[in-house]
Amino acid sequence: MARFDGRIAVVTGAARGIGFGTATRFAEEGAAVAILDLAQESADDAAARLVESVPGARAIGVGADVSNAASVDAAVARVVEELGGIHVLVNNAGITRDNLLFKLTEEDWDLVMGVHLKGAFLMTKAAQKHFVEQRYGKVVNLSSISSLGNRGQANYSAAKMGIQGFTRTLGIELGPFGINVNAVAPGFIATEMTDATAARLNMDVEEFRALNAQSNPVRRVGFPADIAAAVAFLASDEASYITGQTLYVDGGGTLGSGM
Ligand code: NAP
(Lines give C-alpha, C1' and ligand atoms only; values in the text may rest on other atoms or scores of the structure.)
Protein backbone atom coordinates (compact mmCIF):
# COMPACT_ATOMS: atom_id res chain seq x y z
CA MET A 1 0.00 0.00 0.00
CA ALA A 2 1.33 3.43 -0.96
CA ARG A 3 1.57 6.25 1.60
CA PHE A 4 -1.20 8.37 0.05
CA ASP A 5 -3.61 5.72 -1.21
CA GLY A 6 -7.16 7.08 -0.86
CA ARG A 7 -5.94 10.61 -0.06
CA ILE A 8 -6.80 13.75 -1.96
CA ALA A 9 -4.11 16.43 -2.18
CA VAL A 10 -4.36 20.03 -3.38
CA VAL A 11 -1.13 21.74 -4.42
CA THR A 12 -1.29 25.45 -5.25
CA GLY A 13 0.94 26.95 -7.94
CA ALA A 14 1.38 23.42 -9.26
CA ALA A 15 1.42 24.05 -13.01
CA ARG A 16 5.23 24.00 -12.90
CA GLY A 17 8.33 24.01 -10.70
CA ILE A 18 8.23 22.81 -7.10
CA GLY A 19 4.43 22.58 -7.11
CA PHE A 20 4.35 20.28 -10.14
CA GLY A 21 7.14 18.15 -8.67
CA THR A 22 5.20 17.85 -5.43
CA ALA A 23 1.90 17.02 -7.13
CA THR A 24 3.72 14.34 -9.14
CA ARG A 25 5.19 12.83 -5.98
CA PHE A 26 1.75 12.64 -4.31
CA ALA A 27 0.30 10.98 -7.43
CA GLU A 28 3.19 8.48 -7.54
CA GLU A 29 2.35 7.56 -3.96
CA GLY A 30 -1.34 6.98 -4.61
CA ALA A 31 -3.10 10.33 -4.02
CA ALA A 32 -5.66 11.93 -6.31
CA VAL A 33 -4.32 15.40 -7.00
CA ALA A 34 -5.75 18.84 -7.71
CA ILE A 35 -3.30 21.03 -9.59
CA LEU A 36 -4.35 24.55 -8.67
CA ASP A 37 -2.85 27.44 -10.60
CA LEU A 38 -3.72 30.93 -11.75
CA ALA A 39 -4.76 30.03 -15.30
CA GLN A 40 -7.21 27.18 -15.86
CA GLU A 41 -5.44 26.27 -19.08
CA SER A 42 -1.99 25.82 -17.54
CA ALA A 43 -3.52 23.87 -14.62
CA ASP A 44 -5.25 21.57 -17.13
CA ASP A 45 -2.07 21.14 -19.17
CA ALA A 46 -0.11 20.20 -16.05
CA ALA A 47 -2.80 17.74 -14.92
CA ALA A 48 -2.67 16.10 -18.36
CA ARG A 49 1.16 15.90 -18.22
CA LEU A 50 0.98 14.32 -14.79
CA VAL A 51 -1.60 11.70 -15.81
CA GLU A 52 0.58 10.85 -18.79
CA SER A 53 3.74 10.41 -16.73
CA VAL A 54 2.29 8.56 -13.72
CA PRO A 55 0.42 5.40 -14.69
CA GLY A 56 -3.03 5.22 -13.08
CA ALA A 57 -2.84 8.76 -11.66
CA ARG A 58 -5.96 10.85 -11.10
CA ALA A 59 -5.48 14.59 -11.45
CA ILE A 60 -7.62 17.62 -12.20
CA GLY A 61 -6.63 21.18 -13.07
CA VAL A 62 -8.24 23.96 -11.05
CA GLY A 63 -7.84 27.57 -12.15
CA ALA A 64 -7.88 29.92 -9.15
CA ASP A 65 -6.18 32.97 -7.67
CA VAL A 66 -5.09 32.08 -4.12
CA SER A 67 -5.14 35.75 -3.12
CA ASN A 68 -8.87 36.08 -3.85
CA ALA A 69 -11.33 34.71 -1.26
CA ALA A 70 -14.20 33.99 -3.66
CA SER A 71 -11.85 32.25 -6.09
CA VAL A 72 -10.34 30.13 -3.29
CA ASP A 73 -13.72 29.10 -1.86
CA ALA A 74 -14.97 28.07 -5.30
CA ALA A 75 -11.74 26.13 -5.97
CA VAL A 76 -11.86 24.15 -2.71
CA ALA A 77 -15.58 23.43 -3.22
CA ARG A 78 -14.77 22.17 -6.73
CA VAL A 79 -12.01 19.86 -5.47
CA VAL A 80 -14.31 18.38 -2.82
CA GLU A 81 -17.08 17.89 -5.36
CA GLU A 82 -14.94 16.45 -8.18
CA LEU A 83 -12.39 14.40 -6.25
CA GLY A 84 -14.60 13.57 -3.25
CA GLY A 85 -12.82 15.37 -0.40
CA ILE A 86 -9.56 16.96 0.70
CA HIS A 87 -6.87 15.58 3.02
CA VAL A 88 -3.66 17.41 2.13
CA LEU A 89 -3.08 21.07 1.27
CA VAL A 90 0.27 22.39 0.05
CA ASN A 91 0.45 26.19 -0.03
CA ASN A 92 3.10 26.55 -2.71
CA ALA A 93 1.90 29.32 -5.08
CA GLY A 94 4.41 32.13 -5.12
CA ILE A 95 5.75 35.18 -6.90
CA THR A 96 8.73 37.48 -6.49
CA ARG A 97 8.84 41.23 -7.01
CA ASP A 98 12.41 41.98 -5.93
CA ASN A 99 13.79 45.45 -5.33
CA LEU A 100 15.84 47.37 -2.82
CA LEU A 101 13.64 49.07 -0.24
CA PHE A 102 13.93 52.56 -1.70
CA LYS A 103 12.66 51.29 -5.07
CA LEU A 104 10.12 48.77 -3.75
CA THR A 105 6.61 49.91 -4.62
CA GLU A 106 3.52 49.60 -2.45
CA GLU A 107 1.96 47.56 -5.26
CA ASP A 108 4.82 45.03 -5.25
CA TRP A 109 4.68 44.78 -1.45
CA ASP A 110 0.93 44.07 -1.60
CA LEU A 111 1.23 41.59 -4.48
CA VAL A 112 3.82 39.46 -2.70
CA MET A 113 1.94 39.55 0.62
CA GLY A 114 -1.28 38.75 -1.23
CA VAL A 115 -0.05 35.58 -2.91
CA HIS A 116 2.18 34.14 -0.17
CA LEU A 117 0.56 35.20 3.09
CA LYS A 118 -3.05 35.97 2.28
CA GLY A 119 -3.07 33.07 -0.19
CA ALA A 120 -1.94 30.58 2.47
CA PHE A 121 -4.45 32.07 4.93
CA LEU A 122 -7.42 31.85 2.53
CA MET A 123 -6.59 28.35 1.27
CA THR A 124 -6.01 26.96 4.76
CA LYS A 125 -9.19 28.58 6.09
CA ALA A 126 -11.24 27.05 3.28
CA ALA A 127 -9.67 23.59 3.73
CA GLN A 128 -9.80 23.51 7.53
CA LYS A 129 -13.62 23.31 7.55
CA HIS A 130 -13.30 19.90 5.91
CA PHE A 131 -10.24 18.91 7.94
CA VAL A 132 -11.94 19.71 11.26
CA GLU A 133 -15.13 17.84 10.32
CA GLN A 134 -13.18 14.71 9.39
CA ARG A 135 -10.65 15.16 12.23
CA TYR A 136 -7.84 14.75 9.72
CA GLY A 137 -5.76 17.09 7.64
CA LYS A 138 -2.20 17.93 6.60
CA VAL A 139 -1.01 21.38 5.63
CA VAL A 140 2.48 22.08 4.30
CA ASN A 141 3.45 25.69 3.62
CA LEU A 142 6.36 26.86 1.48
CA SER A 143 8.70 29.22 3.30
CA SER A 144 12.23 29.97 2.03
CA ILE A 145 15.79 30.51 3.21
CA SER A 146 15.11 34.14 2.20
CA SER A 147 12.99 34.36 5.37
CA LEU A 148 16.33 34.74 7.18
CA GLY A 149 17.02 37.93 5.21
CA ASN A 150 18.01 38.52 1.61
CA ARG A 151 19.09 41.74 -0.05
CA GLY A 152 16.44 43.03 -2.45
CA GLN A 153 13.68 40.85 -1.03
CA ALA A 154 12.19 42.79 1.90
CA ASN A 155 8.68 41.88 0.73
CA TYR A 156 9.41 38.20 -0.04
CA SER A 157 11.53 37.69 3.08
CA ALA A 158 8.84 39.18 5.33
CA ALA A 159 6.17 37.00 3.70
CA LYS A 160 8.28 33.84 4.01
CA MET A 161 9.09 34.48 7.70
CA GLY A 162 5.39 35.31 8.17
CA ILE A 163 4.61 31.85 6.80
CA GLN A 164 6.67 30.37 9.63
CA GLY A 165 4.68 32.26 12.29
CA PHE A 166 1.44 31.28 10.57
CA THR A 167 2.60 27.64 10.57
CA ARG A 168 3.49 27.65 14.29
CA THR A 169 0.20 29.29 15.26
CA LEU A 170 -1.91 26.87 13.24
CA GLY A 171 0.08 24.01 14.73
CA ILE A 172 -1.26 25.12 18.10
CA GLU A 173 -4.82 25.86 16.96
CA LEU A 174 -5.43 22.84 14.73
CA GLY A 175 -3.44 20.09 16.49
CA PRO A 176 -6.40 19.08 18.71
CA PHE A 177 -8.43 18.36 15.55
CA GLY A 178 -5.99 15.85 14.04
CA ILE A 179 -4.47 18.44 11.71
CA ASN A 180 -0.70 18.83 11.26
CA VAL A 181 0.67 22.10 9.90
CA ASN A 182 4.32 22.35 8.90
CA ALA A 183 6.53 24.30 6.53
CA VAL A 184 9.44 23.59 4.22
CA ALA A 185 12.02 26.32 3.60
CA PRO A 186 13.86 25.57 0.35
CA GLY A 187 17.25 26.89 -0.60
CA PHE A 188 18.12 27.46 -4.27
CA ILE A 189 15.86 25.23 -6.39
CA ALA A 190 16.25 25.13 -10.18
CA THR A 191 12.88 26.39 -11.46
CA GLU A 192 11.53 29.19 -13.64
CA MET A 193 11.50 31.39 -10.53
CA THR A 194 15.29 31.17 -10.09
CA ASP A 195 15.82 31.29 -13.89
CA ALA A 196 13.97 34.62 -13.86
CA THR A 197 16.29 35.86 -11.09
CA ALA A 198 19.29 34.94 -13.27
CA ALA A 199 17.77 36.92 -16.14
CA ARG A 200 17.22 39.92 -13.88
CA LEU A 201 20.88 39.80 -12.84
CA ASN A 202 21.93 39.50 -16.51
CA MET A 203 23.47 36.10 -15.79
CA ASP A 204 23.41 32.90 -17.76
CA VAL A 205 21.11 30.33 -16.07
CA GLU A 206 23.81 27.63 -15.84
CA GLU A 207 26.38 30.11 -14.53
CA PHE A 208 23.88 31.29 -11.89
CA ARG A 209 23.14 27.71 -10.82
CA ALA A 210 26.87 26.87 -10.62
CA LEU A 211 27.48 29.94 -8.47
CA ASN A 212 24.71 28.89 -6.08
CA ALA A 213 25.92 25.27 -6.03
CA GLN A 214 29.36 26.42 -4.84
CA SER A 215 27.92 28.30 -1.89
CA ASN A 216 26.44 25.32 -0.05
CA PRO A 217 28.02 22.28 1.62
CA VAL A 218 26.55 19.67 -0.73
CA ARG A 219 27.87 21.60 -3.76
CA ARG A 220 24.76 21.34 -5.89
CA VAL A 221 21.53 23.21 -6.42
CA GLY A 222 18.23 21.68 -5.39
CA PHE A 223 15.54 20.34 -7.69
CA PRO A 224 11.76 20.19 -7.27
CA ALA A 225 12.03 16.49 -6.33
CA ASP A 226 14.18 17.43 -3.29
CA ILE A 227 11.38 19.61 -1.96
CA ALA A 228 8.64 17.15 -2.97
CA ALA A 229 10.30 14.45 -0.84
CA ALA A 230 10.27 16.67 2.26
CA VAL A 231 6.70 17.88 1.67
CA ALA A 232 5.48 14.31 1.18
CA PHE A 233 7.12 13.21 4.43
CA LEU A 234 5.52 16.07 6.40
CA ALA A 235 2.12 15.35 4.80
CA SER A 236 2.36 11.64 5.60
CA ASP A 237 1.14 9.80 8.68
CA GLU A 238 4.77 9.04 9.53
CA ALA A 239 5.04 12.71 10.55
CA SER A 240 1.91 12.82 12.72
CA TYR A 241 3.93 13.85 15.83
CA ILE A 242 5.48 16.80 14.00
CA THR A 243 3.59 20.08 13.84
CA GLY A 244 4.33 23.80 13.68
CA GLN A 245 7.84 23.15 12.37
CA THR A 246 9.85 24.55 9.48
CA LEU A 247 12.26 22.17 7.79
CA TYR A 248 15.12 23.83 5.87
CA VAL A 249 15.87 21.88 2.69
CA ASP A 250 18.83 23.80 1.34
CA GLY A 251 21.86 21.52 1.00
CA GLY A 252 23.09 22.98 4.28
CA GLY A 253 23.29 26.47 2.77
CA THR A 254 22.12 28.18 5.96
CA LEU A 255 24.40 26.22 8.29
CA GLY A 256 26.91 28.47 9.94
CA SER A 257 24.87 31.59 9.22
CA GLY A 258 23.72 31.77 12.86
CA MET A 259 25.30 34.14 15.38
P1 NAP B 1 7.45 29.09 -9.99
O2 NAP B 1 8.18 28.16 -10.90
O3 NAP B 1 7.49 30.55 -10.29
O4 NAP B 1 5.93 28.59 -9.88
C5 NAP B 1 5.01 29.28 -9.10
C6 NAP B 1 3.62 28.95 -9.59
O7 NAP B 1 2.68 29.67 -8.75
C8 NAP B 1 3.36 29.39 -11.03
O9 NAP B 1 2.76 28.34 -11.77
C10 NAP B 1 2.42 30.58 -10.86
O11 NAP B 1 1.50 30.76 -11.92
C12 NAP B 1 1.68 30.20 -9.60
N13 NAP B 1 1.00 31.36 -9.01
C14 NAP B 1 1.48 32.63 -8.89
N15 NAP B 1 0.55 33.42 -8.33
C16 NAP B 1 -0.54 32.64 -8.09
C17 NAP B 1 -1.82 32.91 -7.55
N18 NAP B 1 -2.17 34.15 -7.13
N19 NAP B 1 -2.71 31.89 -7.46
C20 NAP B 1 -2.37 30.65 -7.91
N21 NAP B 1 -1.17 30.34 -8.43
C22 NAP B 1 -0.26 31.34 -8.53
O23 NAP B 1 7.96 28.95 -8.49
P24 NAP B 1 8.80 27.78 -7.74
O25 NAP B 1 10.23 28.12 -7.87
O26 NAP B 1 8.31 26.46 -8.14
O27 NAP B 1 8.40 28.11 -6.21
C28 NAP B 1 7.31 27.48 -5.56
C29 NAP B 1 7.25 27.95 -4.12
O30 NAP B 1 8.50 27.70 -3.46
C31 NAP B 1 7.02 29.46 -3.98
O32 NAP B 1 6.21 29.71 -2.84
C33 NAP B 1 8.42 29.99 -3.77
O34 NAP B 1 8.39 31.23 -3.11
C35 NAP B 1 9.02 28.89 -2.93
N36 NAP B 1 10.48 28.85 -2.99
C37 NAP B 1 11.14 28.65 -4.18
C38 NAP B 1 12.53 28.61 -4.18
C39 NAP B 1 13.32 28.39 -5.44
O40 NAP B 1 14.57 28.47 -5.38
N41 NAP B 1 12.72 28.12 -6.58
C42 NAP B 1 13.24 28.77 -2.99
C43 NAP B 1 12.55 28.98 -1.80
C44 NAP B 1 11.16 29.00 -1.82
P45 NAP B 1 1.79 31.80 -13.12
O46 NAP B 1 2.88 31.20 -13.92
O47 NAP B 1 0.50 31.89 -13.86
O48 NAP B 1 2.22 33.09 -12.47
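Biologist: Which backbone oxygen does the side chain of R219 reach at 2.8 Å?

Modeller: This is a predicted model, in which local features need pLDDT of at least 70, side-chain atom pairs count only at pLDDT 80 or more, and totals for chains, interfaces and linings use all residues. Residues are numbered from 1 along each chain as its sequence is written, and side-chain values use heavy atoms, with hydrogens and water left out. A polar contact is a pair of N or O atoms within 3.5 Å; within protein, one must be able to donate a hydrogen and the other to accept it, and residues adjacent in sequence count only if both atoms are side-chain atoms. At 2.8 Å, the side chain of R219 reaches the backbone oxygen of N216.

Biologist: Is R219 buried or exposed?

Modeller: R219 is placed in the loop between α7 (205-214) and α8 (224-235); helices (H or I, at least four residues) and strands (E, at least two) are DSSP runs, numbered from the N terminus. Buried means under 20% relative accessible area, exposed over 50%, and partly exposed in between (1.4 Å probe, protein chains only). Because its relative accessibility is 57%, R219 counts as exposed.

Biologist: Which residues come nearest to the ligand?

Modeller: A residue is near a molecule if one of its heavy atoms lies within 4 Å of it. The residues of the shell around the ligand comprise 13 nonpolar, 10 polar and four charged; Ala, Val, Leu, Ile, Met, Phe, Trp, Tyr, Cys and Pro count as nonpolar, Asp, Glu, Lys and Arg as charged, and the others, Gly among them, as polar. Of the 27 residues around the ligand, those that come nearest are R16, D37, N92, Y156 and T191.

Biologist: How much of the accessible area of the ligand does the protein cover?

Modeller: Oxygen atoms of the ligand lie 2.7 Å from a polar side-chain atom of D37 and 2.5 Å from an N or O atom in the side chain of Y156. For the side chain of K160, the distance from an N or O atom to an oxygen atom of the ligand is 2.9 Å. Of the 900 Å² of accessible area that the ligand has on its own (Shrake-Rupley method, 1.4 Å probe), the protein covers 90%.

Biologist: Is N92 buried or exposed?

Modeller: N92 is found in the loop between β4 (88-91) and α4. Leaving aside neighbours within four places in sequence, N92 is in contact (heavy atoms within 4.5 Å) with V11, T12, G13, I18, G19 and L142. Because its relative accessible area is 12%, N92 is buried.

Biologist: What is the relative accessible area of M161?

Modeller: M161 lies in helix α5. Not counting residues up to four places away in sequence, M161 touches S147 and L148. M161 is partly exposed because its relative accessible area is 35%.
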